[in-house]
Amino acid sequence: MNKIINDLDTIEQIQIAIPYVHPFRTSFGTETKKEAVIIKITDIEGNVGWGETSTGAKPDYCYETYETSWHIQKDFLIPIMQGINYTEEPSIQSIYQTWHGIRGHEFAKSGIESALYSLIAEQKKVSLGDLYGSSKDKIPTGVSIGIQNDLESLLNRIDFFIKQGYQRIKMKIEPGWDYEVVSAVRKEFGDILLMVDANSAYSLNDKHVETLKKLDKFELMMIEQPLAYNDILAHKQLQAQLDTPVCLDESIHDPMGAQLALENDCCRIINIKPGRVGGYTNAIEIAKYGGAGRVWCGGMLETGIGRIHNLFLQARSEFTMPGDTSGSNRYFEKDIISPEVIVNDLGYITIPKGVGLGVTVLDDYLQDLKVRSKLYHFN
Ligand code: OSB
Ligand code: MG
């Protein structure tokens with residue numbers, strides 16, 4: 001299934017900027033637009049594959065930015081691909097292998113890897129879901145809500161999304177925007193599925209640990225990435241003191257790290273973001289290893305292309321918990337795909353059917369949003 005026909009023609013990096021309908025504030029800052037590097041790969045028969053490199057402008061969530069992704073793809077990953085002998089029908093795994101000398105830069109790799117999956121689906125005339133092991137026709141979903149200016153705005157915003165059907169609320173927290181706020185949300189909305197994400201805003205000092213322990217009484221589904229992104233051991237020490245499961249996001253970059261963290265009770269749940277773990281092959285490996293109840297799919301406020309890829313991943317059986325993949329209208333006035341991603345009033349997203357992504361990428365609109373692009377040829 002994973003063989004590539006030996007006829008790649010071009011690969012293009014298309015950087016776009018698309019404003020969010022609502023600014024997104026986390027413990028490390030506020031984002032007002034998505035600046036993704038879209039990857040378009042064509043073969044000589046005219047098939048087109050699409051992927052998204054969903055890094056941001058600043059190296060805050062991770063060290064990669066759209067600028068580093070652009071550079072690593074342009075100067076390393078793509079030239080290596082151009083040097084491959086395609087008469088040997090390489091698979092995604094074998095192309096990926098040729099990048100083994102390029103350390104890290106998981107998002108940059110994922111952008112290209114996912115476009116290859118999308119292309120292969122077109123070549124084989126199958127759904128991308130067939131390549132990702134999708135088995136469900138709809139998935140339950142949630143929404144990630146940023147830090148708001150005041151409590152009233154937060155309560156209004158949660159109410160707004162619950163009324164739309166979202167099954168689970170994730171709220172960002174940071175010191176000073178935690179216990180009182182979560183308490184107020186529980187009081188107002190009762191026993192909704194609720195979780196928090198700290199994006200590393202806490203440490204193991206007594207005051208912080210005390211606050212996090214106090215959150216136990218709210219029976220949160222999990223607390224995501226409370227401590228430093230590079231300190232898995234600190235999370236083990238914290239987990240030992242909490243009833244609430246710790247979920248790791250920023251700390252996990254590959255299947256080995258996921259295994260290490262789960263095996264050692266540094267966390268009980270992993271937020272899988274395919275970009276963060278180097279692509280969909282790795283994401284699926286982590287999902288298989290973790291299994292239902294221990295993994296779910298996060299997001300990077302992706303455009304429609306990354307969003308569709310993530311939907312097919314979540315249609316796998318391991319993804320039983322609602323993730324962060326919200327409807328297109330939660331992010332953008334107009335998404336770059338048609339039809340857009342829609343969340344129904346019971347909080348489900350229907351998985352697209354049909355060949356490839358199962359949706360159309362709006363090429364003209366992409367041109368309007370384009371900041372820069374670069375085209376490369378094979379042979
Ligand atoms: O920590 O999960 C995170 C968005 C950008 C960077 C980091 C995170 C997030 C989200 C939003 O929480 C998830 C989404 O709606 O795509
Ligand atoms: Mg997170």
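Modeller: Before we start on this predicted model, a word on classes: Ala, Val, Leu, Ile, Met, Phe, Trp, Tyr, Cys and Pro count as nonpolar, Asp, Glu, Lys and Arg as charged, and the others, Gly among them, as polar.

Colleague: What distance separates Lys-273 from an oxygen atom of ligand 1?

Modeller: An N or O atom in the side chain of Lys-273 is 2.9 Å from an oxygen atom of ligand 1, while for Lys-170 a polar side-chain atom lies 3.1 Å from a ligand oxygen. With Asp-324 a backbone N or O atom is involved, at 3.3 Å from an oxygen atom of ligand 1.

Colleague: How much of ligand 1 does the protein bury?

Modeller: Ligand 1 taken alone exposes 390 Å², and the protein buries 99% of that; the space that ligand 1 takes is also the largest cavity.

Colleague: Switching to the fold, what is the strand order in the open sheet?

Modeller: The open sheet is formed by seven strands with parallel pairing, in the order β7-β8-β9-β10-β11-β12-β13. Its edge strands, each pairing on one side only, are β7 (142-145) and β13 (295-297).

Colleague: How many bridges join β10 to β11?

Modeller: Two bridges join β10 (residues 223-224) to β11 (residues 246-248), and these strands run parallel; Glu-224 stands opposite Cys-247 in β11.

Colleague: Now backbone geometry: which residues does the cis peptide bond join?

Modeller: The cis peptide bond joins Ser-338 and Pro-339, with omega at about -5 degrees, and Pro-339 lies in the loop between β14 (337-338) and β15 (348-350).

Colleague: What about the phi of Ser-200?

Modeller: Although Ser-200 is not a glycine, its phi is positive, at about 70 degrees, and Ser-200 is placed in the loop between β9 (193-197) and α7 (206-214).

Conventions
Residues are numbered from 1 along each chain as its sequence is written. Chains are lettered from A and ligands numbered from 1 in the order in which they are written. This is a predicted model: local features need pLDDT of at least 70, side-chain atom pairs count only at pLDDT 80 or more; totals for chains, interfaces and linings use all residues. Side-chain values use heavy atoms; hydrogens and water are left out. A polar contact is a pair of N or O atoms within 3.5 Å; within protein, one must be able to donate a hydrogen and the other to accept it, and residues adjacent in sequence count only if both atoms are side-chain atoms. Accessible areas come from the Shrake-Rupley method with a 1.4 Å probe; for residues, only the protein chains shown count as cover. On a 1 Å grid over the protein atoms alone, a cavity is a set of points where a 1.4 Å probe fits but cannot get out, and a pocket is an open set with protein on both sides within 12 Å along at least five of seven lines; lining residues have an atom within 4 Å of a point. A molecule sits in a cavity or pocket if more than half of its atoms lie within 2 Å of its grid points. Two strands pair if DSSP finds at least two bridges between them. Helices (H or I, at least four residues) and strands (E, at least two) are DSSP runs, numbered from the N terminus.
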